[in-house]
Amino acid sequence: PSNVVLGANGLEGAKLIDFGVARGSTHSQIVTQAGMIVGTPGYMAPEQARGEVDVDARADVYALGCLLFRCLAGRPAFTGKDGGGDGVAMLVRVAQGAADLLSEVRPDLPEAVATAVQALMAPAPDDRPAHGLAASALLRIALESTPRDSGTHPALTGAEQRLVTIVAGTLRDVDVWNDETVREGRPG
């Protein structure tokens with residue numbers, strides 16, 4: 001979640017700023033050794049957590065499902081019924097595909113939305129959409145079948161951060177307000 005930045009357009013302008021583990025579609029460059037676990041445990045697909053060699057775009061679809069789960073539930077999918085977040089225990093739950101059910105955490109969500117997110121998080125790769133476009137289509141169908149209300153919506157998780165840039169400096173021995181080029185709007 002910290003690698004997704006929302007711009008002025010909100011969700012419509014979301015940008016992924018860090019791909020973490022990325023590789024080309026030809027798999028010609030080996031980034032890691034076979035069987036090595038790479039990724040953020042709460043967002044990696046079960047096949048990644050098990051260290052399988054054949055990991056494809058469906059692992060990214062799974063990660064998207066985990067991200068959406070967190071946005072909608074306000075907490076990660078693998079906290080466990082007792083709320084425990086032990087790293088090894090979480091990795092075992094991920095490897096087993098034992099995510100919490102979104103419909104149990106947020107029973108107020110429209111069924112189509114909860115079902116779509118759970119489809120993205122299917123434990124078996126063959127049960128997930130094949131790639132991002134298929135995942136997008138599934139989510140679009142779920143959202144279009146969901147009635148919209150006109151009420152205000154709370155923050156996605158209550159922990160969003162706004163990116164702010166501040167440029168500070170000093171001008172020495174320059175009287176900007178008396179400079180004709182600045183007053184007339186010409187570049188100076």
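Arg58 lies in helix H2 of this predicted model, helices (H or I, at least four residues) and strands (E, at least two) being DSSP runs numbered from the N terminus. Arg58 is buried, with a relative accessible area of 17%; buried means under 20% relative accessible area, exposed over 50% and partly exposed in between (1.4 Å probe, protein chains only). Not counting residues up to four places away in sequence, Arg58 touches Glu47, Pro125, Asp126, Arg128, Pro129 and Ala130, where contact means heavy atoms within 4.5 Å.

Residues are numbered from 1 along each chain as its sequence is written, and side-chain values use heavy atoms, with hydrogens and water left out. Since the model is predicted, local features need pLDDT of at least 70 and side-chain atom pairs count only at pLDDT 80 or more, whereas totals for chains, interfaces and linings use all residues.

Helix H2 spans residues 57-73, 17 residues in total, and its first and last C-alpha atoms lie 24 Å apart. This is close to the 24 Å expected at 1.5 Å a residue, the expected span being 1.5 Å times one less than the number of residues. Besides Arg58, the buried residues of H2 are Ala59, Val61, Tyr62, Gly65, Cys66, Leu67, Phe69 and Ala73. Their cover includes strand S1 (4-7) and the helices H1 (46-49), H4 (102-105), H5 (111-120) and H6 (132-144). Just after H2, Gly74 takes a positive phi of about 80°.

The largest nonpolar core has 21 residues, of which Tyr62, Phe69, Phe78, Leu102 and Met121 touch the most other members. A nonpolar core is a set of buried Ala, Val, Leu, Ile, Met, Phe, Trp, Tyr and Cys residues joined through side-chain atoms within 4.5 Å. Two or more residues of this core come from each of H2, helix H3 (87-96) and H5. H2 gives the largest share, five residues. Another core, of six residues, lies apart from it and includes Val61, Ala116, Ala135 and Ala142.

In the chain as a whole there are seven helices and two strands, which follow the pattern β-β-α-α-α-α-α-α-α along the sequence. Of its 188 residues, 25% are buried. Among contacts between residues at least 6 apart in sequence, 52% join residues at least 24 apart. The chain exposes about 13200 Å², and carbon and sulfur atoms supply 56% of this area, as computed by the Shrake-Rupley method with a 1.4 Å probe; for residues, only the protein chains shown count as cover.
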